[in-house]
Amino acid sequence: MHFRKSLFGLALLLTGLSFSIFSCETKESSAFTNPTMKAFFDNNCSSCHSNGTYNAGSWLYDPSNDKSIQDHIQHIYGEVYVKKTMPPAGLSQADMAAFKAWYDAGHPSN
Ligand code: HEC
């Protein structure tokens with residue numbers, strides 16, 4: 001009896017778990033409008049990574065869809081903060097600090 005109850009609980013738990021994973025995957029995308037970081041990406045990345053620019057194939061920056069940032073955040077963080085390969089010209093200390101603070105705060109889209 002007790003065993004059955006815990007099985008039922010486990011099934012409930014798993015259902016809830018898969019539901020939350022599912023709803024996470026299907027989250028609607030929205031525009032990326034973060035007050036400081038929209039300007040950061042516009043100024044430092046869009047010249048090479050927007051639609052129609054030469055390296056958009058490697059990573060496409062599209063502020064009308066925040067998935068272009070959120071789905072690639074670990075990659076972006078790696079290039080910008082860990083390896084410091086992006087942008088090729090480098091960042092000012094202030095821009096680097098702003099990037100890191102935004103990343104640590106959970107990289108909000110707005
Ligand atoms: C002057 C042009 C230029 C600018 C500005 C630029 N990039 Fe890039 N980016 C490139 C090129 C070229 C590559 C391809 C490099 C390679 O494959 O070796 C690249 C590759 C990348 C990649 C993919 C790396 C990989 O291994 O596939 C990411 C992510 C990226 N850039 C992010 C950024 C971010 C974020 C910014 C702004 C902070 C930025 N880039 C600014 C030219 C640029």
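1. Lys84 counts as exposed, with 12 C-beta neighbours inside 10 Å. On the scale used here, a residue is buried if 20 or more other C-beta atoms lie within 10 Å of its own, exposed if 12 or fewer, and partly exposed in between, the C-beta atoms being placed from the backbone. Lys84 lies in the loop between H5 and H6 and has a positive phi of about 55° although it is not a glycine.

2. This is a predicted model, in which local features need pLDDT of at least 70 and side-chain atom pairs count only at pLDDT 80 or more, while totals for chains, interfaces and linings use all residues. Residues are numbered from 1 along each chain as its sequence is written.

3. The chain has 6 helices and 0 strands, in the pattern α-α-α-α-α-α along the sequence. Helices (H or I, at least four residues) and strands (E, at least two) are DSSP runs, numbered from the N terminus. Of the 110 residues in the chain, 11% are buried.

4. Two further backbone points deserve a look. The peptide bond from Met86 to Pro87 is cis, with omega near -10°, and Pro87 sits in the loop between H5 and H6. His107, in the segment after H6, has a positive phi near 35° and is a residue other than glycine. His107 is partly exposed, with 16 other C-beta atoms within 10 Å. Most residues other than glycine have a negative phi, and most peptide bonds are trans.

5. Which residues come nearest to the ligand? Of the 15 residues around the ligand, these are Cys45, Cys48, Trp59, Met86 and Pro87; a residue is near a molecule or strand if its C-beta atom, placed from the backbone, lies within 6 Å of it. Helix H3 (46-49) and helix H5 (73-82) are the elements that give two or more residues to this shell. The largest share, 4 residues, comes from H5.

6. By class, the shell around the ligand has 8 nonpolar, 6 polar and 1 charged residues. Ala, Val, Leu, Ile, Met, Phe, Trp, Tyr, Cys and Pro count as nonpolar, Asp, Glu, Lys and Arg as charged, and the others, Gly among them, as polar.

7. The axes of H5 and helix H6 (residues 93-104) come within 11 Å and cross at roughly 145°. Axes are lines fitted to C-alpha atoms, for helices over the stretch in contact, and angles run from 0 to 180 degrees between N-to-C directions. Tyr77, Val80 and Tyr81 in H5 meet Phe99, Lys100 and Tyr103 in H6, contact meaning C-beta atoms, placed from the backbone, within 7 Å. This contact has 5 nonpolar, no polar and 1 charged residues.

8. Helix H2 (residues 37-44) packs on H6 at an angle of about 130°, with the axes 11 Å apart. That makes H2 oblique to H6; angles under 35 degrees count as roughly parallel, over 145 as roughly antiparallel, 65 to 115 as roughly perpendicular and the rest as oblique. Met37, Phe40 and Asn44 in H2 meet Asp95, Ala98, Phe99 and Trp102 in H6. The residues of this contact divide into 5 nonpolar, 1 polar and 1 charged.

9. Thr33 is in the loop between helix H1 (2-25) and H2. Leaving aside neighbours within four places in sequence, Thr33 is in contact with Lys38, Ser109 and Asn110. The C-alpha atoms of Thr33 and Ser109 are separated by 6.0 Å, although the two residues are 76 apart along the chain.

Technical notes
Contact = placed C-beta atoms within 7 Å.
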